[in-house]
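Let's take a friendly walk through this structure together. Keep the sequence and the 3D view open as you read.

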Amino acid sequence: MKFRAIFKHLPVSLLYLILLTPIPLYFYWGVLNQLGPDPLRFLEHKYGELGLVFLLITLSISPLLRYAKINLMKFRRCVGLVAFYYVISHICVYFFLDIGLSMDLLLSDLQKRYYIIAGFFAFITLIPLALTSNNFSLRKLNIRTWNKIHSFVYVAIILSIFHFILMSKTWTGELYFYISVTVIILALKLKRTKIYKKLSTYSNADISK
Amino acid sequence: MSNRVVNIIGPHNLKSLKYSDVTPQNLYINRRKFVEAVCLTSLASLATPLSAKQNYSTIAKPNTFEEITNYNNFYEFGTSKTDPAKYANNLTTNPWEVTFEGISQNKKIFDIAEILKGKAIQERVYRLRCVEGWSMVIPWIGFPLRDLINQFELNNNTKYVAFDTVYRPDEMIGQKRAILDWPYREGLTIEEALHPLTFIATGLYGKDLPNQNGAPFRLVVPWKYGFKSIKSIAKISFMEKQPYTTWSAENPREYGFYSNVNPNVDHPRWSQATERVIGEGLFGERRKTELFNGYIDEVADLYKGMDLKKYY
């Protein structure tokens, strides 16, 4: 299959290049005032939305392998880091352009605005993941510790979705879409957690009695 | 341009339409610069109040026609700002009837042409401040709402005016889903409705109102958040009780009946202290939001003694 061959031979470095190109490109269009009447909000939302999309793609790679036998493991780190770079770009637009470097506004937002608080903690949660996403950390850290750190990505996705819900005025179609994808990914993950397995063995035991 | 205006108001009204229909945007922006320059001289005390107040227009630079017609909140056509420009052309605005309730006249249904007959069409350059935290300046044309209300004999106990947008899910694709409780409804107190600033817009930039801006007939209340200025009005009711209003029913904690622009009363989820000025580009500075969107001299009396934090 051609498609599969493309993926097999696609160098990861090229994927980085492809996935990260929209960041400077959108910014360039923004500077040229080609992003519509409200370029700031466009850029801020675009970076944020793409960050969410890449985070969800990162999270689907393991269920894709398990349930659909599609192996994209080679790209998981790349897509995860790309998501992180979009999140950083999103925050840069907010901090440098939207609130204009105002610490007062930042602090009052962080005290009062639930969607900013949720988004802020989603970002904080992602930092240790990004920092330990290199081979050096993989070698240095115990694999169980590393896995534990990286399971925080599920906390980040929940916080990100809350960030999105809390800033919306109404329940839009895209909001429903992202919530559904997140719920599916979380449900598949939950099925594999120890707590769920224990609970299900208990309930099975109850039934067999 | 003038030909297009004739289409909606009839030829005999053209006389009253002197300035906006024939003056291209760049010209009257220059004129405003001239007015500003005059204000800086010793004539300031004389020129400012006369030029600014006579027609209630702001001297701020209007947004471009492109910006005004491609950045709209009109959920009847979708929740994205660009959806209305894409889908609003499906709305039939001719013929258009408006139903009036709470009046003692027997005739309650009027065609838009009947409403516009004899109305002096004028231009009002108003600030628009959206509850989402952005703002524009729009050169509307139309007439004060009170010119219309004064035609009717209202029921004695009239305290409020309610407005309904049309409900046509076949033409308004956003209405196919219950994003809001359709049809969109808004309301004002009768004092607010009779205020000379309260305006019915039938066009902008001297042209017929584009559908995405609420054709053929919309409300403009410049000192309130934009969502109060209901678009494509199909019904106007005069009533005793405070009417149902869509956004305050959707989320009463976040959107009040009054919804006056007020930098000191935050939306529960975001600050209202400043606003992003549409058209200023990526590096534009935020503007400090003004109480009543800068129309404090004109409207403060309406809310004398009222706790604006409680009646938000």
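Among contacts in chain B between residues at least 6 apart in sequence, what percentage join residues at least 24 apart? The answer is 69%. Please keep in mind from the start that this is a predicted model. For chain A, 65% of the contacts between residues at least 6 apart join residues at least 24 apart.

Now let's meet the two chains. Chain A contains 12 helices and zero strands. The C-alpha trace of chain A spans about 65 × 45 × 40 Å along its principal axes. Of the 209 residues in chain A, 26% are buried. Chain B has both kinds of element, with 10 helices and 12 strands. Buried residues account for 42% of the 312 residues in chain B.

Where the chains meet, 19 residues of chain B are in contact with 19 residues of chain A. On the side of chain B that touches chain A, there are eight nonpolar, six polar and five charged residues.

Let's look inside chain A next. Five residues of domain 1 of chain A are in contact with five residues of domain 3 of chain A. On the domain 1 side of this contact, four residues are nonpolar, one is polar and none is charged.

Two packed helices are described by the angle between their axes and the distance between the axes. Start with helix 5 (residues 76-98) and helix 7 (residues 114-131) of chain A, whose axes come within 11 Å and cross at roughly 140°. Because of that angle, helix 5 of chain A is oblique to helix 7 of chain A. The crossing of helix 5 of chain A past helix 7 of chain A is left-handed. You can find the contact by looking for A:Leu81, A:Phe84, A:Val87 and A:Ile91 in helix 5 of chain A, which meet A:Phe123, A:Leu126 and A:Ala130 in helix 7 of chain A. The residues of this contact comprise seven nonpolar, no polar and no charged.

Helix 7 of chain A also packs with helix 10 (residues 153-167) of chain A, at an angle of about 160° and with the axes 8 Å apart. How are these two helices oriented, roughly parallel or roughly antiparallel to each other? Helix 7 and helix 10 of chain A are roughly antiparallel, because an angle over 145 degrees counts as such. Their crossing is left-handed. Among the residues that helix 7 of chain A brings to this contact are A:Tyr114, A:Ala118, A:Phe121 and A:Leu129. From helix 10 of chain A come residues including A:Val153, A:Leu159, A:Phe162 and A:Met167. The contact of helix 7 with helix 10 of chain A divides into 14 nonpolar, four polar and no charged residues. A:Leu126 of helix 7 takes part in the contact with helix 5 of chain A, and A:Leu126 is also listed in the contact with helix 10 of chain A.

Finally, let's turn to the backbone of chain B. Most residues other than glycine have a negative phi, and most peptide bonds are trans. Against that background, look at the cis peptide bond that joins B:Asn94 and B:Pro95, with omega about 5°. B:Pro95 sits in the loop between helix 5 (83-87) and strand 1 (97-101) of chain B. Another cis peptide bond joins B:Ala215 and B:Pro216, where omega is about 0°. You will find B:Pro216 in the loop between strand 8 (207-208) and strand 9 (218-220) of chain B.

B:Tyr205 is not a glycine, yet its phi is positive, at about 50°. B:Tyr205 lies in the loop between strand 7 (199-204) and strand 8 of chain B. Is B:Tyr205 buried or exposed? B:Tyr205 counts as buried because it has 23 C-beta neighbours inside 10 Å, and 20 or more are needed for that. B:Ser232, a residue other than glycine, also has a positive phi, near 40°. The loop between strand 9 and strand 10 (233-239) of chain B holds B:Ser232. B:Ser232 has 25 C-beta neighbours inside 10 Å, so B:Ser232 counts as buried.

Notes: Residues are numbered from 1 along each chain as its sequence is written. Chains are lettered from A and ligands numbered from 1 in the order in which they are written. This is a predicted model: local features need pLDDT of at least 70, side-chain atom pairs count only at pLDDT 80 or more; totals for chains, interfaces and linings use all residues. Helices (H or I, at least four residues) and strands (E, at least two) are DSSP runs, numbered from the N terminus. A residue is buried if 20 or more other C-beta atoms lie within 10 Å of its own, exposed if 12 or fewer, and partly exposed in between; C-beta atoms are placed from the backbone. Two residues are in contact if their C-beta atoms, placed from the backbone, lie within 7 Å. Ala, Val, Leu, Ile, Met, Phe, Trp, Tyr, Cys and Pro count as nonpolar, Asp, Glu, Lys and Arg as charged, and the others, Gly among them, as polar. Axes are lines fitted to C-alpha atoms, for helices over the stretch in contact, and angles run from 0 to 180 degrees between N-to-C directions. Angles under 35 degrees count as roughly parallel, over 145 as roughly antiparallel, 65 to 115 as roughly perpendicular and the rest as oblique. A crossing is left-handed if the near helix is turned anticlockwise from the far one by less than a right angle, and right-handed if clockwise.
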